[in-house]
Amino acid sequence: MDHRQQPPPRPFDHFDHCPWLFEKEATREQRAAQRERQRKLGGDSEVGERCYVAESAAVFPDVLRLGDDSYIAAHAYVTGDLTTGTDCTLNPFTVVRGTVALGDGVRIGAHTSLLGFNHSTAPDRPVFRQPQTSRGITVGDDVWIGSHVVVVDGVTIGDHCVIGAGAVVTKDVPAWTVAAGNPARRIRDRRETGGRERVGGDVLTRFADTARAQAADLLDRCWNGDHYTDRPGAAPTVRAHCDAVEIADLLLGRAPAQLDPEEHIERLTTLQDRETGLTPELGERLPPMDADGFIGEGPALYHVLSVGYALDLLGASFRQPIHAISDMTAGQLLARLEELPWRDGAWGAGAWIDAWATAAHWNLRHPDSGGLTPGTLEALFGWLLTRADPWTGMWGSPSATDGRLQVVNGYYRLTRGSFAQFGVPVPHPERVVDAVLDHSRDTRHFGAGRENACNVLDVAHPLWLSTRQSGGRDGSGDGYRSAEIRGWAEQQLSAALTRWQDGKGFGFGPGTEPGLQGTEMWLAIVWLLADLLGRSDLLGYRPRGVHRPEPARGA
């Protein structure tokens, strides 16, 4: 017989505050009492296996679904509609009200409030008479919400997030985010271990030296003996030829060696269509012009940029003006701007403006051009300045499926050709920074392995352009939200440099074959990121073509 003295059973108030001990240490009588407690919870309640609901907790649900191995600790206050996955914990003094859904493995710290409801605030009646509204709160799997946090109605917190103590969460939090503050803002990605490493000057210098040493080989790799292709085996394109010119100018300071400079110029200028001044794809004809005489989509639209700047780098220009815009009146332009797909295609709208403004730039420089119809350039900037959303500084509408992707990517294209190219200050630069940083946390486009060249460029350039108007000019950190901008730039720069493939350059996105387009774009992105950090001088190159940082024309 074992004569050793057994410890006395723990009282219920001990389990109320330390409910994780209940499954191992509770007596048979205490387990029976807990089953009765759960049976009398009221409402439409279902409680899983090995759960605990504190006697001192005020639990008055309409609907309660408590997953296996979950508990509600001392003095918690739970009303409304609560659904949890397995292994969820509501620690002492938590408040969960309204409609709240938790995933698996969620930890809610003491004194935290999840308020899945709200009151309307119309001025026609006192606040206490206002009707309640509820959009609900959704929390993903593997989430830790610290103590004294407030999460308001309508918020979704993604999988694997950590919310720091005292935070007030008013907006959605993407997966893997570590957030804190009032209002809560992203601190870092939880997958970053050991802190963010600074990309040192020696790393940037070595990268640039490597790129220069391999530039000739990667250009030769994409030459099929007669034309440039984006990558071996691909069809030749006008853009591939222009990208080759940009890369050679950036890294070698000369034209690509596969042709003499004069032959490069001859090939690009002879592609220009006589009637419109636009440049079709190799072997293709231009589609019919629209009613205003300007083609609205297709490769010819981007060739206004790529061919024009390739010729500029070669010391030449289009042989003739771009007639497709030269006769457009201010009225026609304004009508077209109103018709662009701002609601569901802001990227396409921005691309159209980029092409129109760049065509205007080339026409104003052309010796045989009358330039533009009087008032059209003023009409463009007047329309843009009066239509910018004062809350974001942007144009267009976000969507449920893509978030701000179309809006931010369209903003880059629009401002590149207009405000940046002509040296005109952008409207509401600090609101742009807010919107772009918010977009940069969207894991649909910036999750691990999802950062392609367009998406990173279309954040880096607006941040670069906007910070030049809000104080952060040299990476010194004294501008608006400069610490967050530098943190993002550091992270993206570190990741970008690892994607260079020897002798091949950059792919457009993770897992894609390296080619001329990816290489041209990422070289410009690396410069922009380094310049946001005040280190671009270490690269020894500066974009002069499509992605040039300074204006091509004075305001």
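Trainee: In the hairpin of β18 and β19, which residue takes a positive phi?

Mentor: This is a predicted model, so the angles are those of the prediction. The hairpin of β18 and β19 has four residues between the strands. The residue with a positive phi, near 105°, is G181.

Trainee: Which peptide bond is cis, and what is its omega?

Mentor: The bond is the one that joins N182 and P183. P183 belongs to the loop between β18 and β19. Omega of this cis bond is about -5°.

Trainee: Which residue in β18 does V162 stand opposite?

Mentor: Strand β16, residues 162-163, pairs with β18 over two bridges. That pairing is in the parallel sense. The residue opposite V162 is V178.

Trainee: Where is D87, and what is its phi?

Mentor: D87 sits in the loop between β5 (77-83) and β6 (89-90). Its phi is positive, although the residue is not a glycine. The value is near 60°.

Trainee: Which residue in β7 is the bridge partner of L82?

Mentor: β5 is joined to strand β7, residues 95-102, by five bridges. The two strands run parallel. The bridge partner of L82 is V100.

Trainee: In β12, which residue does V100 stand opposite?

Mentor: β7 is joined to strand β12, residues 137-139, by three bridges. These strands run parallel. The residue opposite V100 in β12 is I137.

Trainee: How many bridges pair β7 with β9?

Mentor: Strand β9 spans residues 113-116, and the pairing with β7 is parallel. Within the pair, V96 stands opposite L114. The number of bridges is four.

Trainee: How many bridges pair β3 with β5?

Mentor: Strand β3 spans residues 58-66 and is also joined to strand β1, residues 44-47, by four bridges in a parallel run. In that pair, V47 has L66 as its bridge partner. Towards β5, V63 stands opposite D81. The pairing of β3 and β5 is parallel, and the bridges number seven.

Trainee: Are the axes of α5 and α7 parallel or oblique to each other?

Mentor: The axes of α5 and helix α7, residues 299-313, come within 9 Å of each other. They cross at roughly 40°, and the crossing is left-handed. Angles under 35 degrees would count as roughly parallel. The two helices are therefore oblique.

Trainee: Which element gives the largest share of the lining of the second largest cavity?

Mentor: Among the lining residues are E246, I247, D249, L250, L313, E520 and A524. The elements that give two or more residues are α5 (238-252) and α17 (516-532). The largest share is four residues, and it comes from α5.

Trainee: How many charged residues does the lining of the second largest cavity have?

Mentor: The lining also includes R542, P543, R544, G545 and H547. By class, the lining has five nonpolar and two polar residues. The charged residues number five.

Definitions and conventions: Residues are numbered from 1 along each chain as its sequence is written. This is a predicted model: local features need pLDDT of at least 70, side-chain atom pairs count only at pLDDT 80 or more; totals for chains, interfaces and linings use all residues. Side-chain values use heavy atoms; hydrogens and water are left out. On a 1 Å grid over the protein atoms alone, a cavity is a set of points where a 1.4 Å probe fits but cannot get out, and a pocket is an open set with protein on both sides within 12 Å along at least five of seven lines; lining residues have an atom within 4 Å of a point. Ala, Val, Leu, Ile, Met, Phe, Trp, Tyr, Cys and Pro count as nonpolar, Asp, Glu, Lys and Arg as charged, and the others, Gly among them, as polar. Axes are lines fitted to C-alpha atoms, for helices over the stretch in contact, and angles run from 0 to 180 degrees between N-to-C directions. Angles under 35 degrees count as roughly parallel, over 145 as roughly antiparallel, 65 to 115 as roughly perpendicular and the rest as oblique. A crossing is left-handed if the near helix is turned anticlockwise from the far one by less than a right angle, and right-handed if clockwise. Two strands pair if DSSP finds at least two bridges between them.
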